[in-house]
Amino acid sequence: MKPISEDIISPLQHFIKETQHPLILIHYNPDGDAIGSALGFYHYLVKKGKNPIVVSPNDYPKFLHWLPGNDKVLVYKRQSGTVLNALKQADVIFVLDFNDADRVNDLEKYLKNAKASKVLIDHHPEPGNFADLVISDVIYSSTAELVYHVLESLGDDHLIDKTIAECLYTGIMTDTGSFNYNSSQPYTYYVVSKLIGLGINKDQIYWNIYDNYSAERMRLLGYCLYKKMEVFPEYHTAFISITKEELKTFNFAPGDSEGFVNYPLSIKGIRFSAIFVENDKHVKISFRSKGAFPTHKFAEKHFNGGGHKNASGGNSFESLEKTLQKFLDLLPQYKTALKNGL
Ligand code: 5GP
Ligand code: MN
């Protein structure tokens, strides 16, 4: 295990013991790690005799709906009154898998103004200063892995059962692209071995997440790779863009473009990849890199975003065309960084 220091565990123990109205909050557009770590922690708190509430700012892809406890998640976009009441009532808010209050979008002001104590459990760089207790380190593959170490450090590993293990394994698997990236620390595998020891079916979890797409999603992927991928070998960069009309043509469902951004990195010499998806309000961008190029700094500086070094995202409020032009215009100044990227 990787023990968490006593000066963190001891106040955490206090928060967990005393809370009457715990609330678990995750980021906008939650991914497998957000949902997996939140539900894993939810089931743990239930075992501690609590009645926690889990809140997601918006809906998330169907391939995450099989997770045990999914029916307990309140979605602010659809249940705003209930969520705002719960935020008012909460005495401790556990903030999972994000580092900055603006990652909950419209809920930001309610989170900041909530009278509850805030406990941040996360693995993104540079956690913001809105929480009373910060449990955060980029060394962890995922928030789900960190939750495991936290529970073990609390001396509560005997409470981790198959249900919790399924949730946490999902977070680790999705945040590492099935142990492709963010997964070079030995204790990640210590946790995985413990979770598998609890009887989870890791193959079934993989199928639930990755082999659960519509035929249209596969056709959209084919179309993007064939028609919409642009490659710039001199900058070791490639990107994909998708317009609103194309999303309609392929009957787009939330989550359908998940993973597309990784494909260009399979091209020899490509170390930086991006996908631009046009929606009604703005252009949502995902960045990925291999090696040293810090995509989160790039996202933060130019595209109102952030994230991890090798996986980040951002937003543009200009047209898709202008956004792509801006991206292209930026590449020359990063030529050396991209060249030395590995
Ligand atoms: P994805 O590309 O899968 O949507 O996001 C990858 C990672 O980038 C997320 O885990 C998150 O850390 C970060 N990320 C994505 N979108 C945003 C954003 O709009 N703002 C910030 N700060 N981080 C983001
Ligand atoms: Mn994560």
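Is Asp33 buried or exposed? Asp33 is buried, at a relative accessible area of 0%, where buried means under 20% relative accessible area, exposed over 50% and partly exposed in between (1.4 Å probe, protein chains only).

Colleagues, this is a predicted model, in which local features need pLDDT of at least 70, side-chain atom pairs count only at pLDDT 80 or more, and totals for chains, interfaces and linings use all residues. Residues are numbered from 1 along each chain as its sequence is written, chains are lettered from A and ligands numbered from 1 in the order in which they are written, and side-chain values use heavy atoms, without hydrogens and water.

I turn to the metal site. Asp33 (OD), Asp97 (OD), His123 (NE2) and Asp175 (OD) coordinate the manganese ion (ligand 2) at 2.2 to 2.4 Å. Donors here are N, O and S atoms within 2.8 Å of the metal (3.2 Å for Na, K and Ca); water is not among the atoms, so sites may look incomplete. Along the chain, the donors of this ion follow the spacing D-x63-D-x25-H-x51-D. Asp33 lies in helix 2 (residues 32–47) and Asp97 in the loop between strand 4 (92–96) and helix 4 (108–113), so the pair ties together parts 64 residues apart in sequence. Asp97 also counts as buried, at 1% relative accessibility.

Now the fold as a whole. The protein has 13 helices and 12 strands, taken as DSSP runs numbered from the N terminus (helices H or I, at least four residues; strands E, at least two). Of its 342 residues, 53% are buried. The C-alpha trace spans about 55 × 45 × 40 Å along its principal axes.
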